[in-house]
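Biologist: Before we discuss this protein, please display the sequence and the structure together.

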Amino acid sequence: MLGSLLRTLGHEFILCDISDWRCDAARSVPIVIADSSLGLAIRSATFDLTISFNTFEHVGDPETTFEEMLRTLKPGGRIYLSFGPLYCGANTLIAR
C-alpha cells in the first residue's frame, strides 16, 4: 500500500519480493520478483530511499540483503528498516 500511496504523490517506486503479493490498488506499481539474499538485478545507485518492513527475519542471508540495499542506494540516500516479531523468522536462535 505504501508504494501505491507514494506513486499517487508523484514518486517513482519499485517493490521487491520473492512473490507477487500486490493488492489491486498496487497493481500499477512495478515489482521485481527476486530473493534479495541472492542479489538483485537492479543497477547500483538507483534509489534515493530503500524501505524494508519486517523483512530481515525472513531472508536466508540478512548480510547480503543489507549489502544489496546499500549497493542499490544512491550516494547520500537513506534506508528505513522496520523489524517485525523476530521470534517468527527463519534466522531466529532459540536459547535453551
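**The largest pocket and strand β3**

Biologist: What gives the most to the lining of the largest pocket?

Modeller: This is a predicted model, in which local features need pLDDT of at least 70 and side-chain atom pairs count only at pLDDT 80 or more, while totals for chains, interfaces and linings use all residues. Residues are numbered from 1 along each chain as its sequence is written, and side-chain values use heavy atoms, without hydrogens and water. At least two lining residues come from each of α1 (2–8), β1 (15–17), β3 and α2; helices (H or I, at least four residues) and strands (E, at least two) are DSSP runs numbered from the N terminus. The greatest contribution, 7 residues, is that of β3.

Biologist: What volume does the largest pocket have?

Modeller: A pocket is an open set of points on a 1 Å grid over the protein atoms alone, where a 1.4 Å probe fits, with protein on both sides within 12 Å along at least five of seven lines; lining residues have an atom within 4 Å of a point. Of the 39 residues in the lining, Ile14, Leu15, Cys16, Thr50 and Ile51 lie nearest the centre. By class, the lining has 20 nonpolar, 13 polar and 6 charged residues. The volume of the largest pocket is about 1200 Å³.

Biologist: Is Asp48 buried or exposed?

Modeller: Asp48 belongs to strand β3. Buried means under 20% relative accessible area, exposed over 50%, and partly exposed in between (1.4 Å probe, protein chains only). Because its relative accessible area is 51%, Asp48 is exposed.

Biologist: What is the separation of the C-alpha atoms of Asp48 and Gly77?

Modeller: Leaving aside neighbours within four places in sequence, Asp48 is in contact (heavy atoms within 4.5 Å) with Leu73, Lys74, Gly77 and Arg78. Asp48 and Gly77 are 29 residues apart along the chain. Their C-alpha atoms are separated by 4.6 Å.

Biologist: What pattern does the protein follow along the sequence?

Modeller: The protein contains 2 helices and 4 strands. Of its 96 residues, 27% count as buried. Read along the sequence, the pattern is α-β-β-β-α-β.

How values were computed:
Points joined across faces, edges and corners; volume = space filled by probe spheres on them. Nonpolar A, V, L, I, M, F, W, Y, C, P; charged D, E, K, R; others polar.
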